[in-house]
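Subject: Structure handover

Hello,

Here is the structure we spoke about handing over. Please open it alongside the notes below.

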Amino acid sequence: MTISKALEKQDHEFLRESGMNGQLDDHLYMYHMPYSYTAEQIRKLRTHIFHLTDRKVPRVIMVTSALPGEGKSLIASNLAIAIAKGEDQHVLLVDCDLRKPSLYQLFKDPPSRGVSEIIQGKARIEDCLVTTSIENLTILPAAKEAPANPSELLESKKAGALIRELAERDGDWFVIIDTPPVQATVDPKIIADVVEGIIMVARYRYTREAEFKMALEVLPREKIIGIVLNAVDELPVKKYKYNKYKYYKNYYSR
Ligand SMILES: Nc1ncnc2c1ncn2[C@@H]1O[C@H](COP(=O)(O)OP(=O)(O)OP(=O)(O)O)[C@@H](O)[C@H]1O
Ligand SMILES: [Mg+2]
């Protein structure tokens with residue numbers, strides 16, 4: 001079963017207002033503005049995940065999308081904060097986008113060892129986990145230095161094995177995985193096969209239907225637990241104006 005949640009596009013004023021703290025990126029709405037409309041939408045996504053009627057609560061979840069720049073990292077991070085804060089559950093947020101890591105930027109950490117070094121056998125999991133200023137939230141970064149072969153690393157069987165190990169490491173924590181876009185991945189199923197749930201992101205007025213469908217086709221359909229429409233910039237007020245304009249246009253063209 002899938003369900004759509006819409007996330008509005010945040011304007012600069014909102015982001016400026018929210019960036020009071022400076023320790024974490026403005027886009028972490030769940031942290032900076034937990035009572036905003038956007039945070040409310042993220043909480044609804046969390047509630048949806050905790051109340052799926054056809055399965056038990058998925059504890060290993062990947063966030064993906066068809067194309068670059070649709071909001072995967074932002075939604076994965078905000079969802080991780082929502083679960084850590086609201087459910088008082090321990091969450092591990094994993095940056096599996098070795099092509100273009102971004103969690104360290106959102107959480108304003110320097111790049112440090114993570115998924116890439118673990119898969120290459122150069123580091124142990126426990127040496128790479130980064131605690132955050134948010135209680136219950138730990139991050140596993142992508143890499144200290146960008147690997148030369150990000151796709152090969154991520155598409156090796158070792159990546160799947162790592163996710164499994166992470167999931168089992170602390171029996172009841174949530175593992176939220178930020179991933180590269182499906183279009184940039186030769187075999188997105190390596191990660192998809194080991195997760196319990198997949199959240200698909202589509203960006204408003206950006207993702208084309210054909211691209212979205214192509215991405216859906218390569219992922220295990222039964223694992224898709226939610227679809228988020230991101231960066232919607234037509235709020236009800238704007239929609240009203242638009243309809244009014246349309247009405248007059250129709251009137252004059254009669
Ligand atoms: N709802 C939103 N409101 C405002 N800005 C947004 C929103 N969602 C995403 N953005 C901005 O769009 C850009 C892309 O977002 P993000 O990095 O989360 O996408 P991504 O899908 O992870 O991209 P990539 O495929 O490159 O990893 C960022 O600059 C982000 O701040
Ligand atoms: Mg990203």
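What follows is a summary of what was found, going from the overall picture to single residues.

Please keep in mind throughout that this is a predicted model. The mean pLDDT of the chain is 86, with 85% of its residues at 70 or more. Confidence is highest in strand E3, at 98, and lowest in helix H12 (residues 236-252), where the mean is 36. The pLDDT stays below 50 over residues 237-254, and this stretch has one contact in the model beyond near neighbours in sequence.

Overall make-up

The chain holds 12 helices and eight strands. It has 254 residues, of which 39% count as buried. If one takes the contacts between residues at least 6 apart in sequence, 79% of them join residues at least 24 apart.

Strand E3 covers residues 91-95, and five of its five residues are buried. In a regular strand the side chains alternate between the two faces of the sheet. In E3 both faces are covered: Val91, Leu93 and Asp95 are buried on one side, and Leu92 and Val94 are buried on the other.

Two strands pair with E3. Strand E5 (residues 137-140) runs parallel to E3 and is joined to it by four bridges; Val94 has Leu140 as its bridge partner in E5. Strand E6 (residues 174-178) is also parallel to E3, with five bridges between them, and here Leu93 stands opposite Ile176.

The nonpolar core

Leu93 and Ile176 turn up again in the largest nonpolar core, which has 66 residues; together with Ala80, Val115, Ile177 and Val195 they touch the most other members. Helix H4 gives the most to this core, with nine residues. Which residues does Ala80 contact, leaving aside its neighbours within four places in sequence? They are Val91, Leu93, Leu137 and Ile176.

Ligand 1

There are 18 residues around ligand 1, and those that come nearest are Pro68, Gly71, Lys72, Ser73 and Leu74. Helix H4 (72-86) and strand E8 are the elements that give two or more residues to this shell. H4 has the largest share, three residues. By residue type, the shell divides into eight polar, five nonpolar and five charged residues.

Two backbone points to look at

Most residues other than glycine have a negative phi. Two residues in this model are worth a look on that account.

Lys108 is not a glycine, yet its phi is positive, at about 50°. Lys108 sits in the loop between helix H5 (103-106) and helix H6 (115-119). Is Lys108 buried, partly exposed or exposed? Lys108 counts as partly exposed because it has 13 C-beta neighbours inside 10 Å, and a residue needs 20 or more to count as buried.

Ala231 also has a positive phi, of about 60°, without being a glycine. Ala231 belongs to strand E8 (residues 224-232). Ala231 has 20 C-beta neighbours inside 10 Å and therefore counts as buried.

Regards

How values were computed:
Residues numbered from 1 in each chain as written. Chains lettered and ligands numbered in written order. Predicted model: local features only at pLDDT ≥ 70, side-chain atom pairs only at ≥ 80, totals over all residues. Buried ≥ 20, exposed ≤ 12 C-beta atoms within 10 Å, placed from the backbone. Contact = placed C-beta atoms within 7 Å. Near = placed C-beta within 6 Å. Nonpolar A, V, L, I, M, F, W, Y, C, P; charged D, E, K, R; others polar. Pairing = 2+ DSSP bridges. pLDDT = per-residue confidence, 0-100. Core = buried A, V, L, I, M, F, W, Y, C linked by C-beta atoms within 7 Å.
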